[in-house]
Amino acid sequence: MRKITTTSRTMLLLVITLLMAIAYNGEAIQCPQVNMYLAQCLPFLKAGGNPSPMCCNGLKSLKAAAPAKPDRQVACQCLKSVANTIPGINDDFAKQLPAKCGVNLGVPFSKTVDCNRYVYCGDMCIVISKYELLTNIL
């Protein structure tokens, strides 16, 4: 059996690392990630007050992990699902969280939000209904 040289090991490690990076970057955000980012926000979502620095850092990390519209819509669906599953989450506190942390995700937090209606556009978000779209065209 042939011995693997140091150069061969280094090249193999580099190829594996590149393949992992390519695979990771191609994945959309998933609900367990969203839940992990915002786990520290649960006390605020139930009782209000001021969110902890760890909560706001999690919200900032979520924004960084979900840069594209599809990612933000998935995150929105995950948050909506959790908000409707965990008892005691106050919808008003959920809506206040992004502003209290100074983070705009482009999709509001709410138990009733239609995540498919929001279009991310920089630091602003707009809602376009079918009626508004037709009105603006005509």
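Is D91 buried or exposed? In this predicted model, in which local features need pLDDT of at least 70, side-chain atom pairs count only at pLDDT 80 or more, and totals for chains, interfaces and linings use all residues, D91 is buried, with a relative accessible area of 19% (buried means under 20%, exposed over 50% and partly exposed in between, with a 1.4 Å probe and protein chains only). Residues are numbered from 1 along each chain as its sequence is written, and side-chain values use heavy atoms, with hydrogens and water left out.

The structure holds one salt bridge, defined as a side-chain nitrogen of Lys or Arg within 4 Å of a carboxyl oxygen of Asp or Glu. This salt bridge joins K95 to D91, with 3.7 Å between the closest N and O atoms. K95 and D91 are four residues apart in helix α6 (residues 91–101), and are therefore separated by about one helical turn; helices are DSSP runs (H or I, at least four residues), strands likewise (E, at least two), numbered from the N terminus. K95 is partly exposed, at 46% relative accessibility.

In helix α2 (residues 31–38), the residues V34, Y37 and L38 are buried. These residues cover an arc of only 85° around the axis, taken from the directions from the helix axis to the C-beta atoms, so they lie on the same side of α2. The exposed residues P32 and M36 are carried by the face of α2 turned away from its buried side. The buried residues of α2 pack against α3 (42–47), α4 (53–65) and α5 (69–85), contact being heavy atoms within 4.5 Å.
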